[in-house]
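Here are my notes, as promised. Have the model open while you read, and click through the residues as they come up.

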Amino acid sequence: MADIIEVDYIWKNGELVPWADATTHVLSHSLHYGSGVFEGIRCYKSPEGKSNVFRLRDHMERLHRSAKIACIDLPYTVDELCDATVELIEANNLPACYIRPIVYRGYGVMGVDPTGAKVEVVIAAWPWDSYLGEDALENGVSVGVSSWRQRSINAIPPAVKSTASYMNSILAKLEAKEHGYAEAIMLNEAGLVCEGTGENLFVVRDGVLSTPPTSDGLLEGITRDSVLCLADDLEIPALEESLTRSDLYIADEVFMTGSAAELTPIGSVDGRAIGKPGPVTRALQDRFFDVVYGKVEEYAEWLTPVT
Ligand SMILES: CCC[C@H](NCc1c(COP(=O)(O)O)cnc(C)c1O)C(=O)O
């Protein structure tokens, strides 16, 4: 079932093209070998009608880091990509949307060596509500620990948000679905808790917030970083520390964070009940949405207004 709500334009290599014309050759290098990098970003419309892209610059800076690690020569600056995103949102009249920039190697070579393949740069945006289900933010979701381990940090570097990484996530996601879960949690090769298929992970125990360190092989999430800042604001003690599978089972609260998932509470792990979203999760959710809706002046720098 397609979950994409089509809009008028997509930004491709410097210009706005009609949605249906934003195509690519079937012999694009990235289609065959996963040699692309991408981002996921949200634009929020506040109840008062103000629209802002959340941490747009941070995402485009991470896109540049991913391209550097992947040896892809990204031909647009962070400023140009930010301006293109605002132009795209305004051209489509999308006050609230999910934004997907992708940089990929296109047509030109078919060997594994990508040298000579054209670099394509695309930014798409479309309306996309709750990623893990319509009442996921309110009531939480059930998750299972996957039999698939998150890729080793020496296999695909976790700092690169690459299309290739998501074969791992797809296998874990389909396995979770098969077992009746909304999402999977992946351990790393050492058996420590890493992250979801598209999210970072937090636990709360005795009022202390913990999240695994990036050295455990997870993507350095921008929402994860935001939550750590907000926890500091709210004087919630927070640690970046490795977690074991059983830490999930005995936690008072567990939630996942991501641009798509936002702050999604977890109600159970492998059938062990965690319970309803707790006070720390709720406080951070409330603060997060106050920030993205432009109600917290000290975080204005995280917001890029669109008209
Ligand atoms: C389909 C999901 C793609 C993408 N996932 C983002 C993501 C995150 C959270 O990172 P951030 O907070 O910077 O978004 C963590 N870990 C993984 C593997 C991710 O794919 C997203 O847009 O949330």
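The points below cover salt bridges, a charged surface patch and one tryptophan.

1. First, a reminder: this is a predicted model. Please read every distance and accessibility below as computed from that prediction.

2. Salt bridges overall. The count comes to 14.

3. E183 and K173. These two form a salt bridge, with 3.0 Å between the closest N and O atoms. E183 belongs to strand β9 (residues 183–187) and K173 to helix α5 (residues 166–178), so the bridge ties together parts that sit 10 residues apart in sequence. How accessible is E183? Its relative accessibility is 0%, so E183 counts as buried. K173, on the other hand, is partly exposed, at 22%.

4. R245 and D270. Here the closest N and O atoms of the salt bridge are 3.1 Å apart. This pair links distant parts of the chain, 25 residues apart: R245 is in helix α7 (residues 245–249), while D270 is in the loop between β15 (262–269) and β16 (272–273). R245 comes out as partly exposed, with 34% relative accessibility. D270 has 15%, and because buried means under 20%, D270 counts as buried.

5. R55, D58 and D225. Salt bridges with shared partners join these three residues into one network. Within it, the side chains of R55 and D58 meet at 3.1 Å, N to O. R55 is buried at 7% relative accessibility, whereas D58 is partly exposed at 25%.

6. The acidic patch. Which residues gather in a patch of negative charge on the surface? They are E80, D83, E87 and E90. Take E90 as an example: you'll find it in helix α3 (residues 78–91). E90 has a relative accessibility of 34%, so it counts as partly exposed.

7. W128. Look for this one in the loop between β7 (119–126) and α4 (136–139). Is W128 buried or exposed? Buried: its relative accessible area is 18%, and the cut-off for that label is under 20%. Leaving aside residues up to four places away in sequence, W128 touches D3, R42 and Y98.

Technical notes
Residues numbered from 1 in each chain as written. Predicted model: local features only at pLDDT ≥ 70, side-chain atom pairs only at ≥ 80, totals over all residues. Heavy atoms only, no water. Patch = residues over 30% accessible without salt bridge, like charges linked within 9 Å, V, L, I, M, F, W, Y side chains within 5 Å. Areas by Shrake-Rupley, 256 points an atom, 1.4 Å probe, with all protein chains shown as cover. Salt bridge = Lys/Arg side-chain N within 4 Å of Asp/Glu carboxyl O. Lys, Arg positive; Asp, Glu negative; His and termini not counted. Charge placed at Lys NZ, Arg CZ, Asp CG, Glu CD. Helix = DSSP H or I, 4+ residues; strand = E, 2+ residues; numbered from the N terminus. Buried < 20%, exposed > 50% of the residue type's maximum accessible area, 1.4 Å probe, protein only. Contact = heavy atoms within 4.5 Å.
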